[in-house]
Amino acid sequence: VQLQAFGGGLVQAGDSLRLSCVTSGRTFNVDGMGWFRQAPGKERELVTAIRWSDGSPFYADSVEGRFTISRDNAENTGYLQMNSLKPEDTAVYYCAASSIFSVRMPDYPYWGQGTLVTVSS
């Protein structure tokens, strides 16, 4: 499974941004997609995840109510809509895929390249 993430950029606090993650290859095995982020000097963390089969989401407390994860089965693409962005959301964002729905990073064997999101105050 290959993944490509798109959509990062420089925005101001309060703005919105949508990230996309296009999957290809043996996507029929995928039932979990996660978005992770890594801020400078910090460990990579899970932001949100979705069960591909039924769209069930999980959100970290830090983004609950501001971020929305979704997927388009026909396009094999996942999305992360980020609203009310804060400077502390600044990070490299990665999408990842798994054969299971999980909130644990080790359960994700397939990773896309990161896309940088910078939120200025």
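Which residues have the most contacts inside the largest nonpolar core? They are W35, F67, M82 and Y93, in a core of 28 residues. A nonpolar core here is a set of buried Ala, Val, Leu, Ile, Met, Phe, Trp, Tyr and Cys residues joined through side-chain atoms within 4.5 Å, and buried means under 20% relative accessible area with a 1.4 Å probe, protein chains only.

The model is predicted: local features need pLDDT of at least 70, side-chain atom pairs count only at pLDDT 80 or more, and totals for chains, interfaces and linings use all residues. Residues are numbered from 1 along each chain as its sequence is written, and side-chain values use heavy atoms, with hydrogens and water left out.

Strands (DSSP runs of E, at least two residues, numbered from the N terminus) form an open sheet of four in the order β1-β3-β8-β7, paired antiparallel; two strands pair if DSSP finds at least two bridges between them. At the edges are β1 (2-6) and β7 (67-72), each of which pairs on one side only. Antiparallel to β1 runs β3 (residues 17-24), joined to β1 by five bridges. Q4 has V22 in β3 as its bridge partner.

At least two of its residues come from each of β1, β3, β4 (32-38), β5 (45-51), β7, β8 (77-82), β9 (91-98) and β11 (115-120). The most come from β9, which gives four. Apart from this core lies another, of five residues, including F36, L46, A49 and Y108.

Leaving aside residues up to four places away in sequence, M82 touches D15, S16, L17, L19, R66, F67, Y93 and V117.

Conventions
Buried means under 20% relative accessible area, exposed over 50%, partly exposed in between (1.4 Å probe, protein chains only). Contact means heavy atoms within 4.5 Å.
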